Amino acid sequence: MNGKVLITGGHGNLGSWLTKEFCKSGYDVYVLTRSAKTKIPNIQYKLIEADVTDYEGLSKKLDLNFDFCIHTASFNEYFLKDYPKKALDINTLGTRNLLEILSKKKIKRFIYFSTFHIYGINSGIVNENSEPSPKNDYAATHLFAEYYIKQFGATHKVDYTILRLSNSYGAPTFLNTDKWYLVLNDLVKSSFEEGKIIIKSNGEPKRDFVWMNDVTNITKCILENDVNGVYNLSFGKSYKIINLANIVKNVYEERYKKSINIEINNNDKTVYNDLIVDNSKLINKINFKMSDMLFVEVNRIFDLLQKNNDLNE
């Protein structure tokens, strides 16, 4: 199944992976972005420069009939000034603006990338029946957006798929990405630039890391099979941060033929329990097998940093 697909945030960390994959798969791809200064090389797609928080401007720019919308645009820079307001404006009200505009165009499916953080827990097992209990603005604003999607599903018959994503990983498309603070990116960048791996915790926190190429292929499966409803999108098991750091260490030492140390926060005495983000509802629905590509992507992140370093020498 091909068609005309709108990818919001299509130049972002995950969005750029989706843009590349859907272009290669023969879809007519339109990328909605706030700034069209950059473009992903070697693929063909159209750019729409607009802000999801500006309803009138957005409505004028989205004057086409799209078959599908994959909505990844969100705001997670919690360390910036006025974050709560910006998160509400972009993550929640921006999603509603999209829904109102696209529902008038009889869009076939609206796929929304929410977050497993809406559950508000760091241990135990979470599935789609677990009660949401967001603990921060990022989670709360995504949960509010989910409610708007369900609202438009009921009132405007918009078919939707909500994906509660765990921690996705993969080499950034652009070196100037603003996502270097993400765990895997940060560990690799720290080792490359500082010659050491710095962990802010005692290394024991556990996170579920899902490969972005799996995410893109699952998204295609959802469109091709008309998968409706709310699903966790995760790897299905967790890694300790210290285990992730050791992967980075092993790759670094193999590449550069010298040892590197891992520094943990010895003042962190927290006991971290296991976390399982259950993905069985989705995996069974589309009969998909998840991949573990951490070593490959760590190498690709090093490649990106090395290429930039070589260019600047």
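## Ser 168 and its contacts

A contact here means heavy atoms within 4.5 Å. By that criterion, and not counting residues up to four places away in sequence, Ser 168 touches Val 210 and Met 212. This is a predicted model, in which local features need pLDDT of at least 70 and side-chain atom pairs count only at pLDDT 80 or more, while totals for chains, interfaces and linings use all residues. Residues are numbered from 1 along each chain as its sequence is written, and side-chain values use heavy atoms, with hydrogens and water left out.

Ser 168 belongs to strand S8, residues 167-169, where helices (H or I, at least four residues) and strands (E, at least two) are DSSP runs numbered from the N terminus. Ser 168 counts as buried because its relative accessibility is 18%; buried means under 20% relative accessible area, exposed over 50%, and partly exposed in between (1.4 Å probe, protein chains only).

## Cysteines

A search of the whole structure finds zero disulfides, a disulfide being a pair of cysteine sulfur atoms within 2.5 Å. For Cys 23, the nearest cysteine sulfur is that of Cys 69, 15 Å away, and for Cys 221 it is that of Cys 23, 18 Å away. Cys 23 counts as buried at 15% relative accessibility, and Cys 221 counts as buried at 17%.

## Phe 144 in helix H4

Phe 144 lies in helix H4. With a relative accessible area of 38%, Phe 144 is therefore classed as partly exposed.
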